[in-house]
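Reader: I want to learn how to read a structure, feature by feature. Please take me through this one.

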Amino acid sequence: MKKYKITVNGNTYEVEVEEVGTTAPAASAAPPAPAPSAAPKPAAAQTAAPPAGAASVTAPMPGNIISVNVNVGDTVAAGDVLCILEAMKMENEIMAPSAGTVASINVSAGSAVNNGDILVSIG
């Protein structure tokens, strides 16, 4: 353990920092908690390109897909909700930009997406 004095906004704090290294833990130490596992995206969602002539609907921000409201082959109108994207504790409706038929769905409920990932293709 190392002790440091840190000043934040004029207030001085004394802190102790423990270096975590490759040394074996003491026999009385509790085992480390398992790291939370993030559900990986399906491989198809990471690399799928929209079919030729289809418009792709992409994620406007990183987040998690809460639900997918359409199926492949469904006919959608402009403004129909395709899926719900949760980002920063807000649910965002991802809507169809134009009318057409759902050509492919590249995500599923529970999958994590990044900005620009293709969610749905509409032909």
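**Strands, turns and charges**

Author: Start with a strand pair. β6 and β7 run antiparallel and are joined by six bridges. Strands here are DSSP runs of E with at least two residues, helices are runs of H or I with at least four residues, and both are numbered from the N terminus. Two strands pair if DSSP finds at least two bridges between them.

Reader: What should I know about the model itself?

Author: This is a predicted model, in which local features need pLDDT of at least 70, side-chain atom pairs count only at pLDDT 80 or more, and totals for chains, interfaces and linings use all residues. Residues are numbered from 1 along each chain as its sequence is written, and side-chain values use heavy atoms, with hydrogens and water left out.

Reader: How many helices and strands are in the chain?

Author: The chain has one helix and ten strands. Along the sequence the pattern reads β-β-α-β-β-β-β-β-β-β-β.

Reader: How do strands make a sheet, and what is the strand order in the open sheet here?

Author: The general idea is that strands of a sheet pair through backbone hydrogen bonds, either parallel or antiparallel. Here, an open sheet of four strands has the order β7-β6-β4-β9, with antiparallel pairing. Its edge strands are β7 and β9 (112-113), and each pairs on one side only.

Reader: Which residues make up strands β1 and β2?

Author: β1 covers residues 2-8 and β2 covers residues 11-17. The two pair in the antiparallel sense over seven bridges. K2 has V17 as its bridge partner in β2.

Reader: What is the phi of N9 in the hairpin of β1 and β2?

Author: First the general idea. Most residues other than glycine have a negative phi, and most peptide bonds are trans. In this hairpin, two residues lie between the strands, and N9 takes a positive phi near 50 degrees. N9 is not a glycine. N9 sits in the loop between β1 and β2. N9 counts as exposed because its relative accessibility is 78%. The cut-offs for relative accessible area are: buried under 20%, exposed over 50%, partly exposed in between (1.4 Å probe, protein chains only).

Reader: Where does K89 lie, and what is its phi?

Author: K89 is in the loop between β6 (81-87) and β7. Its phi is positive, about 65 degrees, although K89 is not a glycine. K89 has 81% relative accessibility, so it counts as exposed.

Reader: Now charges. How many salt bridges does the rule give?

Author: In general, side chains of opposite charge can pair when their charged atoms come close. The rule for a salt bridge is a side-chain nitrogen of Lys or Arg within 4 Å of a carboxyl oxygen of Asp or Glu. By this rule the count is two.

Reader: Which residue forms a salt bridge with E14?

Author: K3 does, with the closest N and O atoms 3.9 Å apart. This pair links distant parts of the chain: E14 is in β2 and K3 is in β1, eleven residues apart. In the other pair, the side chains of E16 and K3 meet at 3.9 Å, N to O. That pair also links distant parts of the chain, with E16 in β2 and K3 in β1, 13 residues apart.

Reader: Next, a loop residue. Where is S98 found, and what is it in contact with?

Author: S98 is in the loop between β7 (90-95) and β8 (100-105). Contact means heavy atoms within 4.5 Å. Leaving aside neighbours within four places in sequence, S98 is in contact with V76, A77, A78 and I122. The C-alpha atoms of S98 and D80 are separated by 8.8 Å, and these residues are 18 residues apart along the chain. S98 is partly exposed, with a relative accessible area of 31%.

Reader: What do the totals for the chain say?

Author: Buried residues make up 24% of the 123 residues. Of the contacts with a separation of 6 or more, 53% come from residues 24 or more positions apart.
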